[in-house]
Amino acid sequence: MVIIYIAIAVGILVAIILFFKIFKSSPGEYMSLTCKKCGLKTNGLKCPICERDKSFGR
């Protein structure tokens, strides 16, 4: 029974930490809509131009 209480307490603590982390971060911090190197609009995906430059064999 004590293990269940510990698990509940840890779950609540993790939820509180994630809740504060969500509200402290800016809305666009986790995903950039443009490539940081070349400025191409990528909508959060990998940049095809910069990925091609890093490809094996070049």
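I worked on a predicted model, in which local features need pLDDT of at least 70, side-chain atom pairs count only at pLDDT 80 or more, and totals for chains, interfaces and linings use all residues. I numbered residues from 1 along each chain as its sequence is written, and side-chain values use heavy atoms, with hydrogens and water left out.

**Entry: overall content.** I looked up the secondary structure and found 2 helices and 0 strands; these are DSSP runs numbered from the N terminus, helices being H or I of at least four residues and strands E of at least two. Of the 58 residues, 7% are buried. I took buried as under 20% relative accessible area, exposed as over 50% and partly exposed as in between (1.4 Å probe, protein chains only). The protein exposes about 5,600 Å², 70% of which is supplied by carbon and sulfur atoms; the areas come from the Shrake-Rupley method with a 1.4 Å probe, and for residues only the protein chains shown count as cover.

**Entry: aromatic rings.** I found 2 aromatic pairs. The centres of Phe-19 and Phe-20 are 6.0 Å apart with planes at 70 degrees, so I recorded the pair as edge-to-face. Phe-19 and Phe-23 are also edge-to-face, because their centres are 4.8 Å apart and their planes stand at 65 degrees. The criterion for Phe, Tyr and Trp (its six-membered ring) is centres within 6.5 Å, with planes under 30 degrees apart counted as stacked, over 60 as edge-to-face and the rest as tilted. Phe-19, Phe-20 and Phe-23 form one aromatic cluster. Phe-19 is partly exposed at 48% relative accessibility, while Phe-23 is exposed at 61%.

**Entry: cysteines.** I searched the whole structure for disulfides (a pair of cysteine sulfur atoms within 2.5 Å) and found 0. Cys-35 is in no disulfide, and its nearest cysteine sulfur, that of Cys-50, is 3.6 Å away. Cys-35 is buried at 13% relative accessibility. Cys-47 is likewise in no disulfide, with the sulfur of Cys-38 as the nearest cysteine sulfur at 3.5 Å. I recorded Cys-47 as buried, at a relative accessible area of 7%.
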